[in-house]
Amino acid sequence: VDLSELPVGAFEQVRVIRGLGPALSGSTALGGAVLLVPGRGDRVLRTLDLAAGAGPTARGAAVLAGPVGPVHLWAAADALGTGGAWRTFDDGGTRTAPDDDGVARRENNDTTRLATVVRAAVGGFTALHAGLWRDDGVPGFTFAPSPGVRYGLTRHLVGARLERPVGDTVLAARTFGVVRDEVLRDPQGEIGLGDGPEAMRTSSIGGDVSARIPVAGPVAVELGAGARADRYADPEVRRRVVARGVASVPFGVGDVDVAPGIVALAIADADDTRWLGAPRVGARWAGGRTVVRANAGAVARPPDLTELYGDRGALVGNPDLRPERGFQADLGPTWTVPDGAVEVVAFVARYRDLIAWTTGPQGVSRPENLGQAAVYGLELAASATIDAVSLSVTGAAMRAVNLSDDPTYRGNQLPRVPVASGTAVVAVDPGSWRVSVDVVGSAGTWADTANFLRWPRWSVCMSTRSPASAPAPA
């Protein structure tokens, strides 16, 4: 999932699960899971946001929701247009010769995008459609721009879900399909593709079923199974099937809740079939205002289609990627007070064949497997609200070490992972309006495995918001 392709207004909740995701979600990804919950449309909601900025840049977003008879509707759209004419560093194509370094304005760096999400729910049945229409310029290298190259993308995602209780057992079934059509046009052969457009189609179709069965007292059994078929054509056709089985037995002992489980994956393509297993266990203790959470277990994730084949624009795929595997654990308490909360989490992980995106000097990124990698660090989050003023602060210190056998990269920080990062948000919200200031900073972030290209360190954002919703009519 590319989060930039989804309108934020389409979601009523965004749940960030650190570490290991719940077994029943089927997530085996490194670092946890992000659950996007579309709005249900139980209340009347109408919003319109407009923004403008440098580039030049313009953006508009709208949300419309509410009940229509027995059906609850939620519709969101997000449109973005930018010229992308930013000034950026130009090394003249020579990394080691500073005499020709300078600053150049990016050409053919514009983007036009429209993203929509429509969701309808009635009873325990939900249907959803997410659309995307996008047209981008492909700017090429700063020292050798490609003003005539264009990239276009159309994506349609449809899904349906049915959830029914049968006695004390909760059954759920889901099906989905997604089609992405991409076209790269290089009429003058500026990046070596020839005269005609190059078209690519990526599609997936699949489904899953799950059940939560109470056994006795605090003990339950959670079971799930699903599969999806992926297809990529450009014009060579490549196919892959990913099957998943899930089992978990959550139970409670006094003030402690424990959830052991396992997620098993089978990945079959034209070459072979790979089997991956990810056992894990999570525990939670609650006492007064203090909650302590702990997780430990294996992670295993096959490369997705973008990592394998890219989007032929700023991302170039690597079809030789192997699934990434590893073990990770985290532990941390949360303290709550009437007007705020504080959370501290320590984490450690060891990975094999970790997939890392590395960015070249002109912004083109390509994924690669790292033989071995270790990650350990500390994360802090604190929030407080006093009358109409709220403050939230987050920070992390992380050492993500490349343990490759290649001495050129061994001991380097992993690309795109900052050594230290933090965010502070101050907001004033008396109820009829809201003004907030966000300050984001990071240090030690590298774009490549050689730790040669350093990314920007900080940014400041100021935003305003009108009331997000109006009460439903009586």
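Trainee: Which residues are linked in a network of salt bridges?

Mentor: In this predicted model, the network of salt bridges links Glu 5, Arg 134, Asp 136, Arg 155 and Arg 180. Asp 136 and Arg 134 form a salt bridge whose closest N and O atoms are 2.7 Å apart.

Trainee: Is Asp 136 buried or exposed?

Mentor: The cut-off for a buried residue is a relative accessible area under 20%. Asp 136 has a relative accessible area of 7%, so this residue is buried.

Trainee: How many salt bridges are found in the whole structure?

Mentor: The search of the whole structure gives 22 salt bridges. Among them is the one between the side chains of Arg 43 and Glu 12, at 3.7 Å from N to O. This pair links distant parts of the chain, 31 residues apart: Glu 12 belongs to strand S1 (residues 11–18), while Arg 43 sits in the loop between strand S2 (32–38) and strand S3 (45–53). Arg 43 is partly exposed, with a relative accessible area of 35%, and Glu 12 is partly exposed at 38%.

Trainee: Which residue forms a salt bridge with Asp 208?

Mentor: Asp 208 forms a salt bridge with Arg 244, and the closest N and O atoms are 3.5 Å apart. Here too, distant parts of the chain are linked: Asp 208 lies in strand S12 (residues 198–216) and Arg 244 in strand S14 (residues 237–248), 36 residues apart. Asp 208 is buried, with a relative accessible area of 16%, whereas Arg 244 is partly exposed at 24%.

Trainee: In which sense do S8 and strand S9 pair?

Mentor: A general point about strands comes first. In a regular strand, side chains alternate between the two faces of the sheet. In this model, S8 and strand S9 (residues 125–137) pair in the antiparallel sense over twelve bridges. Ala 120 has Ala 127 in S9 as its bridge partner. S8 and S9 form a hairpin with two residues between them, and Gly 123 in the turn has a positive phi of about 60°. Strand S8 (residues 111–122) is also joined to strand S5 (residues 71–82) by eleven bridges, and these two strands run antiparallel. The bridge partner of His 72 in S8 is Ala 121.

Trainee: Where is Asn 451 found?

Mentor: A residue in a loop can be read by its location, its accessibility and its contacts. Asn 451 is in the loop between strand S24 (434–443) and strand S25 (458–465). Its relative accessible area is 17%, so Asn 451 is buried. The side chain of Asn 451 reaches the backbone oxygen of Gln 413 at 3.0 Å. Leaving aside residues up to four places away in sequence, Asn 451 touches Asn 412, Gln 413 and Trp 446.

Key
Residues are numbered from 1 along each chain as its sequence is written. This is a predicted model: local features need pLDDT of at least 70, side-chain atom pairs count only at pLDDT 80 or more; totals for chains, interfaces and linings use all residues. Side-chain values use heavy atoms; hydrogens and water are left out. Helices (H or I, at least four residues) and strands (E, at least two) are DSSP runs, numbered from the N terminus. Buried means under 20% relative accessible area, exposed over 50%, partly exposed in between (1.4 Å probe, protein chains only). A polar contact is a pair of N or O atoms within 3.5 Å; within protein, one must be able to donate a hydrogen and the other to accept it, and residues adjacent in sequence count only if both atoms are side-chain atoms. Contact means heavy atoms within 4.5 Å. A salt bridge is a side-chain nitrogen of Lys or Arg within 4 Å of a carboxyl oxygen of Asp or Glu. Two strands pair if DSSP finds at least two bridges between them.
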